[in-house]
Amino acid sequence: MSPSPNLRLQLQFPIDDYSRLHESPLLMSISKRSGRYNLFHPLHHTYYMDLPELLNKKILYSKDGWLLVMGGKYAKEKQVFFFNPFTRKKIDLPDLPPDTAFTKFSFSGIPTSKDCVVVGIMNLLSLMEIAVIKPGEDDWEIEDVDFRETDENYPVKKFCISSNPIFVDKYCYCLDVDGKVAVFDPLDDCENSLEFYGMRLSRRQRDSLIQSFMVESDGELIAIFLNSNGRIYVLKPDAFKKNWVNVEDLGDKVIYLSNGGSWVEKRRVSCNNNRIYLPMLYDNNKAVIFYDLKTQRYHCNGYDFSSTSFYHIKQIFHSVWIKTT
């Protein structure tokens with residue numbers, strides 16, 4: 001399909017003026033050909049940044065303009081640091097132990113805040129290993145929780161985390177592949193503070209599920225589930241935290257989803273509400289895909305494109321949304 005006449009120029013621009021980028025987060029992904037980081041604006045140009053600080057590094061999580069990054073000169077090194085790509089400021093954290101395998105990460109706020117908490121989670125069915133640190137501390141605190149050795153207070157015997165955890169107030173929330181939710185206080189005894197919510201997806205929903213995410217909106221949990229047919233379900237807990245209930249309309253909110261961090265925020269431009277922006281690109285990586293909750297179809301700005309499935313859409317797995325600061 002050909003682009004509309006008012007489509008943004010399909011060129012890549014170096015970022016030299018951040019002021020015009022505040023109307024939307026940017027989808028950040030490394031180009032394998034050039035080594036540059038491409039930043040896809042959902043409404044305008046595609047930009048790029050040269051970030052040698054991130055060479056051979058893995059972006060673990062993105063929030064409030066900061067990236068949590070891991071990597072080193074050698075593959076087994078687990079150097080962890082915060083990095084702001086717009087200011088180039090770097091804040092080092094202690095290395096993670098080399099024999100650990102944490103896969104899901106989150107942090108509660110900007111790393112320059114005294115209240116910032118970083119959490120890493122390794123989860124394998126009945127075992128959850130939780131690493132916690134605050135910037136400025138000397139070592140990670142690592143705690144194991146084995147559900148098989150817990151008492152009757154644990155209604156769950158296995159838990160398989162499906163996305164990065166999120167913070168709501170001081171608590172850390174984790175979503176598993178069946179729709180269950182675990183919550184704990186990372187600054188307290190994680191095992192003793194661990195609780196589970198009774199929500200669970202139906203068998204039909206679980207069988208077709210291929211990806212899930214969780215975000216926080218005004219202190220409330222929202223889960224987003226993507227099935228194999230391309231349908232997206234947006235759910236929230238009921239008042240008793242026993243069941244998931246459908247969210248039919250986001251109002252003036254927009255959701256941004258990626259494997260390296262997801263969030264919901266109020267729309268910044270009038271045409272942009274009730275949408276879910278995904279780490280997916282259309283027309284040879286020229287336009288960001290969004291899912292419209294009203295039409296229940298995939299679209300992209302500037303193109304006459306509409307689809308109920310994502311089979312002809314490229315998903316960018318190693319990408320994150322990032323806010324300009």
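Buried means under 20% relative accessible area, exposed over 50%, and partly exposed in between (1.4 Å probe, protein chains only). By that scale aspartate 92 is exposed, because its relative accessibility is 54%. This is a predicted model, in which local features need pLDDT of at least 70, side-chain atom pairs count only at pLDDT 80 or more, and totals for chains, interfaces and linings use all residues. Residues are numbered from 1 along each chain as its sequence is written, and side-chain values use heavy atoms, with hydrogens and water left out.

**Salt bridges**

- A salt bridge puts a side-chain nitrogen of Lys or Arg within 4 Å of a carboxyl oxygen of Asp or Glu. The count is nine.
- Aspartate 92 bridges to lysine 90 at 3.7 Å, N to O. Lysine 90 is partly exposed at 47% relative accessibility.
- Lysine 180 and aspartate 178 meet at 3.4 Å, N to O. Lysine 180 is buried at 10%, and aspartate 178 is buried at 14%.
- Glutamate 265 and lysine 323 form a bridge of 3.5 Å, N to O. This pair spans 58 residues, from strand S22 (residues 263-266) to the segment after strand S27 (319-322). Strands (E, at least two residues) and helices (H or I, at least four) are DSSP runs, numbered from the N terminus. Glutamate 265 is buried, with a relative accessible area of 10%.
- Shared partners join Asp176, Asp178 and Lys180 into one salt-bridge network.

**Aromatic pairs**

- Rings of Phe, Tyr and Trp (its six-membered ring) pair if their centres lie within 6.5 Å; planes under 30 degrees apart are stacked, over 60 edge-to-face, the rest tilted. The whole structure holds 16 aromatic pairs.
- Tyrosine 277 and phenylalanine 290 make a tilted pair, 5.4 Å centre to centre with 55 degrees between the planes. Tyrosine 277 sits in strand S23 (residues 275-282) and phenylalanine 290 in strand S24 (residues 287-292), 13 residues apart. Both are buried.
- Tyrosine 282 and tyrosine 303 are edge-to-face, because their planes stand at 90 degrees, with centres 5.4 Å apart. The pair ties strand S23 to the loop between strand S25 (297-300) and strand S26 (314-315), parts 21 residues apart in sequence. Tyrosine 282 is buried at 12% relative accessibility, as is tyrosine 303 at 8%.
- Ring pairs link Tyr256, Trp263, Tyr277, Phe290 and Trp321 into a cluster.

**Around aspartate 189**

- Aspartate 189 lies in the loop between strand S15 (181-184) and helix H1 (190-193).
- Aspartate 189 is partly exposed, with a relative accessible area of 31%.
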